[in-house]
Amino acid sequence: MKQERVGFALCGSFCTHQAVLKELEHLCGEYETVLPVVSPISQVTDTRFGAAKDFLAKVEELTGHKAIRTIAEAEPIGPKKLLDILVIAPCTGNTIGKLAAGITDTPVTMAAKAHLRNDRPVVIAVASNDGLSGAAKNLGELLVRKNYFFVPFGQDDAERKPCSLMADFSRISETVRWALDGKQLQPLLLR
């Protein structure tokens, strides 16, 4: 198993959680240490896609670690250099906007801020219904910043949801490998 320490932060976009959990399982089979971080909304929101308590239990079962659930728990990621790479999947338009604006008001955004202070990579797996509208500016902001890498993404349903963007979650592991080498997996945009 690989020795790099992976942080894996999960945001809302509940419809993608099952696909993301599948990829989290792959990462856990590839890397010795995978440390989970969960957004507040993911901790408490029961949806038609499942109960929050079941989601959290699955995340902790897969990783073998208690999930980081608070800003205070996420802050030591930086000073203690706990991670070699941080994955945010799914990364919602809300979280992308906060990262672009430097807002640190959730465990996920604190994990990113703390981790970036060590000049280490953050992988974004976008899942946003407004990726080509309200969130487009923020997405563009992160695309040009140092240490941000993106899982290849594209429109997930151009006809019914023309502004929606979705990462190809099956490429998270591959993107992590490239980002650890300081490279963006290409092609970035999917057809």
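**Close-up 1. Aspartate 119 and lysine 146 pair up in a salt bridge, with their closest N and O atoms 3.0 Å apart.** A salt bridge here is a side-chain nitrogen of Lys or Arg within 4 Å of a carboxyl oxygen of Asp or Glu. Aspartate 119 sits in the loop between helix H6 (107-116) and strand E4 (122-128), while lysine 146 sits in the loop between helix H7 (136-143) and strand E5 (148-150), so the bridge ties together parts 27 residues apart in sequence. (Helices, H or I with at least four residues, and strands, E with at least two, are DSSP runs numbered from the N terminus.) Aspartate 119 is partly exposed at 45% relative accessibility, and lysine 146 is exposed at 60%. Those words have cut-offs: buried is under 20% relative accessible area, exposed is over 50%, and partly exposed is in between (1.4 Å probe, protein chains only).

A quick note on what you're looking at: this is a predicted model, where local features need pLDDT of at least 70 and side-chain atom pairs count only at pLDDT 80 or more, while totals for chains, interfaces and linings use all residues. Residues are numbered from 1 along each chain as its sequence is written, and side-chain values use heavy atoms, with hydrogens and water left out.

**Close-up 2. Glutamate 30 and lysine 2 meet through their side chains in a salt bridge of 2.8 Å, N to O.** This pair links distant parts of the chain, since glutamate 30 belongs to helix H1 (residues 17-30) and lysine 2 to strand E1 (residues 2-10), 28 residues apart. Glutamate 30 counts as buried at 17% relative accessibility, whereas lysine 2 is partly exposed at 31%. Across the whole structure, the search finds 11 salt bridges.

**Close-up 3. Lysine 53 and aspartate 54 form a salt bridge, their closest N and O atoms being 3.2 Å apart.** Lysine 53 is exposed, at 61% relative accessibility. Aspartate 54 is partly exposed, with a relative accessible area of 44%.

**Close-up 4. Helix H6 is largely enclosed by the rest of the structure, because eight of its 10 residues are buried.** The buried ones are Pro107, Val108, Thr109, Met110, Ala111, Ala112, Ala114 and His115. Now follow the chain to arginine 117, in the loop between H6 and E4. Arginine 117 is exposed, at 56% relative accessibility. Leaving aside neighbours within four places in sequence, arginine 117 is in contact (heavy atoms within 4.5 Å) with Gly78 and Pro79.

**Close-up 5. Helices H5 (residues 93-101) and H7 cross at roughly 55°, with their axes coming within 8 Å.** The axes are lines fitted to C-alpha atoms, for helices over the stretch in contact, and angles run from 0 to 180 degrees between N-to-C directions. On the H5 side, the contact is made by Ile96, Gly97, Leu99 and Ala100, and on the H7 side by Asn138, Leu139, Glu141 and Leu142.

**Close-up 6. Phe8, Ile88, Ile124 and Ile172 have the most contacts inside the largest nonpolar core, which has 59 residues.** A nonpolar core is a set of buried Ala, Val, Leu, Ile, Met, Phe, Trp, Tyr and Cys residues joined through side-chain atoms within 4.5 Å. Not counting residues up to four places away in sequence, isoleucine 124 touches Ile88, Cys91, Ile96, Leu99, Tyr148, Phe149, Phe150 and Val151.
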